[in-house]
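I opened the model today and kept notes as I went. The entries follow the order in which I looked things up.

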Amino acid sequence: MTTKSVDVLLVGAGAMSTTLGMLLKQLDPSIKICMVERLDYVAHESSDGWNNAGTGHAAYCELNYTPKKADGSIDTTKAFKINSEFETSLQFWSHLVEQSVLPSPKQFINPTPHISFVWGEENVEFLRQRHATLSATAAFCDMEFSEDPEVLREWMPLVMQNRDPADKVAATRVRYGTDVNFGELARSMAKHLGTQADFDLLLSRIVHDLDKQTDGSWNVTVKNTETGAKEVINSQFVFLGAGGGALPLLQKSGIKEGKGYGGFPVSGQWLVCKKPEIVEKHLAKVYGKAPIGAPPMSVPHLDTRIIDGQRALLFGPFAGFTTKFLKQGSLLDLPKSIRTGNIKPMLSVAMKNMDLTRYLISEVMQSHGARVEALRNFFPDARDEDWTLAHAGQRVQIIKKDEKLGGKLEFGTEVITAEDGSMAALLGASPGASTAVPTMISIVERCYIQHRGKSDWKARIKSMIPSYGESLNDNPELLRSVRERTLGTLELLDRETVTA
């Protein structure tokens, strides 16, 4: 059994781990990093192009990020947070493009207007109120609103094609929304990391054990699935960025901060159209409102997807129930994750979310015709034969202890860090990879700057991300400057058209 020693071990080769590896190498090229991946390909699970919607989540079109408060006003807290976080990601990607670390932006990010579309008087009024609230701020001042069918036909021809003129509809649009191929982004970062000294990428490796050593380091035993050989990697810091596979690894580590966590796996499916005569008529990500009783990740949307330079249309997601934690995982993933410390919150969530479970099962049982019928809310002329079904990546939602409820189901992401800063794990799903950069910066702050005396790193982060340490929401001039740079560098919009 071979043994190697590194400073950082990254488990998983998706958008999160590659972002952390790139960030660390930018901050300190001398860091020894090893990345292990269970598959024989980088970013082939949740980060892969067809395993997610590719939306650069900035809260421009996602109505579930701006719920109504009890008093009828719009809660913008989450929208501003996500918008600011995505701006941070855009800044880091811009820095990497400027340094020729990343390839041409069009290989991983493309301008795709973000549109919110609603129908019915109540929903139109909600959208009007949402627009008035958001567009009065610097972050969302470029958001347009219209109820004019002719304007909407210009924004989204397929959506308005042969729609009943009596329908009460409205939409908002932000022209510089994005379609992001997170798989290609991760592979580009991994490719560059592979050219750097003291970086190893080990594919086809499954983590068997994680053992804490007396000196604070970790001995991680991995098995080569092609040869059967085992090897031990000693690392001062371990990041569990394995998507749905992070929870079982966190449990194996035994750190106290991970106790009590459980997972609720959800599968997803898309309708996909690649017919050029249809695809060319739609260039936008058009988000609606989630059906009553549906989970937040089931907000319906009709999207342009650009993968390997080819455009296609995607509609969904259609959620489903599964016991797998990974698309290429095992049906035993969920039962194997049950522990004495998390069984109470998991049972509590199961009892309180029977309606959700029934909804997910009903989604699985839908016929192709029923799915296309749902699509006709967005594309009235949709034909069954023009669309095929594709399976998305797995999402494992967080279940955690709650003193009042016993257990709580959460639909966001959460970073778990060991008290001594020697380990971090990322759990959860949306907005996921869109906020990878600020999420990984938080890990650097918790586990390196604070615990390893790297105080000069803050200045280095600032040189790459000008808004670091400042609030974009409180500084409109900084936001304007940052946005001009990123939209220009990433070829998302001509600089002179930005008014923020």
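**Entry 1**

I began with D198, which is partly exposed because its relative accessibility is 39%, between the 20% and 50% cut-offs. The model is predicted, so I kept in mind that local features need pLDDT of at least 70. I placed D198 in the loop between α6 (182–193) and β8 (199–202). I then checked its backbone. D198 has a positive phi of about 60°, and it is not a glycine.

I noted the background: most residues other than glycine have a negative phi.

Which other aspartate did I log with a positive phi of about 55°? It is D308, again not a glycine. D308 sits in the loop between β14 and β15. Its relative accessibility is 62%, so D308 counts as exposed.

**Entry 2. The cis peptide**

I looked up the peptide bond between G316 and P317. It is cis, with omega about 0°. P317 belongs to strand β15, residues 310–321. For reference, I wrote down that most peptide bonds are trans.

**Entry 3. R130**

Next I went to R130 in helix α3, which spans residues 121–135. Is R130 buried or exposed? It is buried, and it has no salt bridge. I looked for the nearest side chain of opposite charge and found E62, 5.4 Å away.

What does the R130 side chain meet instead? I found a polar contact of 2.6 Å with the side chain of T66. I also found the backbone oxygen of Y60 at 3.4 Å from a polar atom of the R130 side chain.

I then listed the contacts of R130, leaving aside neighbours within four places in sequence. Among them are A59, Y60, C61, E62, L63 and T66. The list also includes I74, S116, M143 and T172.

**Entry 4. Salt bridges**

I turned to charge pairs. Side chains of opposite charge can pair when their charged atoms come close. How many salt bridges does the structure hold? I logged 30.

I took R173 and E144 to start. Their closest N and O atoms are 3.1 Å apart. The pair links distant parts of the chain, 29 residues apart. R173 is in strand β6 (residues 169–174), and E144 is in strand β5 (residues 144–146). R173 counts as buried, at 15% relative accessibility. E144 counts as partly exposed, at 27%.

I moved to D179 and R305. Their side chains meet in a salt bridge of 2.8 Å, N to O. D179 lies in strand β7 (residues 178–180) and R305 in strand β14 (residues 301–307), so the bridge ties together parts 126 residues apart in sequence. I checked burial for both partners. D179 and R305 are both buried.

I also took E385 and R383. The closest N and O atoms of this salt bridge are 3.7 Å apart. E385 is exposed, with a relative accessible area of 58%. R383 is partly exposed, at 42%.

I then looked for shared partners. Salt bridges that share partners join E125, R128, E147 and K168 into one network.

**Entry 5. The cavity**

The structure holds one cavity of 30 Å³ or more. I noted a volume of about 50 Å³ for the largest cavity. Which residues line the largest cavity? I wrote down Y60, F86, E87, L90, Y176, G177, T178, R483, T486 and L487. Two elements give two or more residues to this lining: α2 (77–98) and α15 (476–489).

**Entry 6. L487**

L487 is in helix α15. It counts as buried, at 2% relative accessibility. I also took a distance from L487 to V151, 336 residues apart along the chain. Their C-alpha atoms are separated by 25 Å.

How values were computed
Residues are numbered from 1 along each chain as its sequence is written. This is a predicted model: local features need pLDDT of at least 70, side-chain atom pairs count only at pLDDT 80 or more; totals for chains, interfaces and linings use all residues. Side-chain values use heavy atoms; hydrogens and water are left out. Helices (H or I, at least four residues) and strands (E, at least two) are DSSP runs, numbered from the N terminus. Buried means under 20% relative accessible area, exposed over 50%, partly exposed in between (1.4 Å probe, protein chains only). Lys and Arg count as positive and Asp and Glu as negative; His and the chain ends are not counted. A salt bridge is a side-chain nitrogen of Lys or Arg within 4 Å of a carboxyl oxygen of Asp or Glu. A polar contact is a pair of N or O atoms within 3.5 Å; within protein, one must be able to donate a hydrogen and the other to accept it, and residues adjacent in sequence count only if both atoms are side-chain atoms. Contact means heavy atoms within 4.5 Å. On a 1 Å grid over the protein atoms alone, a cavity is a set of points where a 1.4 Å probe fits but cannot get out, and a pocket is an open set with protein on both sides within 12 Å along at least five of seven lines; lining residues have an atom within 4 Å of a point. Grid points are joined across faces, edges and corners, and a volume is the space filled by probe spheres set on the points.
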